[in-house]
Amino acid sequence: MGFGVHDAHLLALQAHEGQLDPQGRDLYLAHLRPVAEALRPYGPQAEMAGALRDIVEATRDHPDPDRRYDLDRLRGLGVPEVVVEAIDAVTRRPGEPYMSGLIRRAPAHPLGRLVELAGNRHDLAANAELARIDPSKARSLREGRYRPARRILLAAEAADTVHGRRVLA
């Protein structure tokens, strides 16, 4: 019995303990779990990748080395290789720009692209809540980041005749 969906959720819950999203909510509960659940219809690997999507980026600078996760550590825990590759595809590199870096790079991996699309959809939905608190910031994120990223990701999904054309609107 290998690493499964339940293991991915437990690992994400433990790895992100005490971490908050930009709105001050628990990162796992407010962002990672909903993205993973949105990916559930696409199979267990998609759900695992959604739950673990931020694990490398969000723990790389943790002061406790036991709380840091990199791709090799995930492999050592038995995370399936396609999931590790998807996590790598959606992990922002230090100093990497969002649009010209991550969003141009992530679509090359079919599962990574799906994970990034689900995260983007969740960000757009959460943007409505932010708009009630800070309309200017919400508009800036929506028009300068989320919608342009979505166009790039959806174009890559539509162009992929082998893995693409999945519906995640």
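Axes here are lines fitted to C-alpha atoms, for helices over the stretch in contact, and angles run from 0 to 180 degrees between N-to-C directions. The model is predicted. Two packed helices are described by the angle between their axes and the distance between the axes.

Helix α3 spans residues 44-51, and helix α8 spans residues 110-133. Their axes come within 10 Å and cross at roughly 60°. That angle makes α3 oblique to α8. The crossing of α3 past α8 is right-handed. From α3, the residues that meet α8 are Gln 45, Ala 46, Ala 49 and Gly 50. Their partners in α8 are Leu 111, Leu 114 and Val 115. By class, this contact holds 5 nonpolar and 2 polar residues, with no charged ones.

Helix α3 also packs with helix α1, residues 5-15. Here the angle is about 5°, and the axes lie 9 Å apart. Angles under 35 degrees count as roughly parallel, and α1 and α3 are therefore roughly parallel to each other. On the α1 side, Val 5, Ala 8, His 9 and Ala 12 make the contact. Pro 44, Glu 47, Met 48 and Ala 51 contribute from α3. The class count for α1 with α3 is 6 nonpolar, 1 polar and 1 charged.

The form of α8 itself was also examined. Helix α8 has 24 residues. From its first C-alpha to its last, α8 reaches 35 Å, close to the 34 Å expected at 1.5 Å a residue. A kink of about 30° is present in α8, centred on Asn 127.

Methods: Residues numbered from 1 in each chain as written. Predicted model: local features only at pLDDT ≥ 70, side-chain atom pairs only at ≥ 80, totals over all residues. Heavy atoms only, no water. Helix = DSSP H or I, 4+ residues; strand = E, 2+ residues; numbered from the N terminus. Parallel < 35°, antiparallel > 145°, perpendicular 65-115°, else oblique. Left-handed = near helix turned anticlockwise from the far one by under 90°. Contact = heavy atoms within 4.5 Å. Nonpolar A, V, L, I, M, F, W, Y, C, P; charged D, E, K, R; others polar. Expected span 1.5 Å × (residues − 1). Bend = angle between axes of the 7 residues up to and from the residue.
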